[in-house]
Amino acid sequence: MTDEIAFNNISLDKLSLPLFTEKNVEVTVLRLDKIHSSISGNKWFKLRYYLDEAKKLHKKTIVTFGGAWSNHILATAAICRLNNIKSIGIIRGEEPAKFSPTLSHAKEDGMELIFISREDYAKKKIPEELLTGENYIINEGGYGITGAAGAATILDYCDKENYTHICCATGTGTMMAGIINGALIQQDIIGVSVLKNNLTVEDAIKSLISKEKNNYHLFHDYHFGGYAKHKPGLIDFMNSFYQQTKIPSDFVYTAKLFFAITSLINNNFFEAGCRLLLIHSGGLQGNASLRKGTLIF
Ligand SMILES: *Cc1c(COP(=O)(O)O)cnc(C)c1O
């Protein structure tokens with residue numbers, strides 16, 4: 001069963017790692033991961049205005065896309081359940097003999113799962129029977145202006161003027177676009193792309209932000225092999241980061257963010273006196289795909 005979303009749990013955790021003190025860089029983590037076990041992190045924010053619109057249009061069903069470990073699929077299923085809307089997930093690839101925990105949970109939350117071939121998925125082909133006026137379709141990952149507008153409200157959970165930089169992991173770029181739109185013009189927004197050589201994300205972001213904005217920077221060197229790929233170095237980092245901060249991270253998104261920022265601090269990318277806000281966008285459920293015992297949390 002899906003519980004209510006606990007926005008009260010969101011905290012701002014200031015990190016006191018020796019490296020940060022040595023470089024005189026302040027690092028604070030906005031803990032969106034703590035709001036809910038399924039609707040963790042940024043997904044509620046990206047979905048909130050789509051949901052409002054679907055309700056306003058009296059749509060009965062929300063249809064969206066994702067892979068077998070998709071945080072977006074799980075969050076959509078849980079949010080729809082909370083709002084008494086039917087949900088359908090179009091899932092990449094053949095129906096597996098055994099569902100991933102993500103798909104099992106989505107199904108428990110009432111989502112109907114429809115599996116389509118990887119070729120059709122790449123084209124985001126919607127099965128014909130779903131193209132009815134009763135269905136409200138949301139892009140993969142909640143990509144779009146409406147998703148970015150929701151993501152901008154993440155900043156309501158901090159005093160944004162306290163920070164010189166706001167840093168986040170980047171998949172479709174929707175969250176980063178929202179943060180860019182919501183941030184102050186003198187702030188730098190740092191995105192860490194979790195896909196390999198996904199340079200088109202720059203255009204994807206550009207098309208969601210106000211034209212005059214150029215106070216952002218994307219890093220493409222911290223993907224660890226590509227989307228949902230990892231290397232021992234990343235896992236070691238996650239365990240030691242947890243030991244030092246008590247903050248768990250997920251290997252697909254937030255671990256790559258924390259690793260990248262730590263490494264940029266180490267390389268003096270940030271001047272002394274900078275105050276960084278790192279967005280913990282959740283995604284911890286995806287760690288269930290790792291072999292047991294890989295992580296210490
Ligand atoms: C989906 C997701 C992101 C990426 O958000 P985009 O808006 O697609 O860039 C980052 N972190 C976590 C944990 C996510 O689940």
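These legends describe close-up views of the pocket, the ligand and the cavity in a predicted model. Local features need pLDDT of at least 70 and side-chain atom pairs count only at pLDDT 80 or more, while totals for chains, interfaces and linings use all residues. Residues are numbered from 1 along each chain as its sequence is written, and side-chain values use heavy atoms, with hydrogens and water left out.

**View 1. The largest pocket holds about 840 Å³ of space.** On a 1 Å grid over the protein atoms alone, a pocket is an open set of points with protein on both sides within 12 Å along at least five of seven lines, and lining residues have an atom within 4 Å of a point. Grid points are joined across faces, edges and corners, and the volume is the space filled by probe spheres set on the points. The lining has 41 residues, of which Glu140, Gly171, Thr172, Tyr227 and Tyr253 are the closest to the centre of the pocket.

**View 2. Helices and strands around the largest pocket.** At least two lining residues come from each of α2, β3 (61-66), α3, β7 (165-170), α7 (174-182) and α8 (201-206). Helices (H or I, at least four residues) and strands (E, at least two) are DSSP runs, numbered from the N terminus. α7 gives the largest share, 3 residues. By class, the lining has 16 nonpolar, 20 polar and 5 charged residues; Ala, Val, Leu, Ile, Met, Phe, Trp, Tyr, Cys and Pro count as nonpolar, Asp, Glu, Lys and Arg as charged, and the others, Gly among them, as polar.

**View 3. The ligand takes the space of the largest pocket.** A molecule sits in a pocket if more than half of its atoms lie within 2 Å of the grid points. Both α2 and α7 give two or more residues to the shell around the ligand. Of the 14 residues around the ligand (a heavy atom within 4 Å), Lys43, Asn71, Gly171, Thr172 and Ser281 come nearest. The shell divides into 2 nonpolar, 10 polar and 2 charged residues.

View 4. A polar contact here is a pair of N or O atoms within 3.5 Å. An N or O atom in the side chain of Asn42 is 3.2 Å from an oxygen atom of the ligand. Polar backbone atoms of Gly173 and Thr174 also face ligand oxygen atoms, at 2.9 Å for Gly173 and 3.3 Å for Thr174.

**View 5. The largest cavity has a volume of about 40 Å³.** A cavity is a set of grid points where a 1.4 Å probe fits but cannot get out. Leu47, Tyr50, Leu51, Ile62, Thr76, Ile79, Cys80 and Ile138 form the lining.

Terms used. A residue is near a molecule or strand if one of its heavy atoms lies within 4 Å of it. A polar contact is a pair of N or O atoms within 3.5 Å; within protein, one must be able to donate a hydrogen and the other to accept it, and residues adjacent in sequence count only if both atoms are side-chain atoms.
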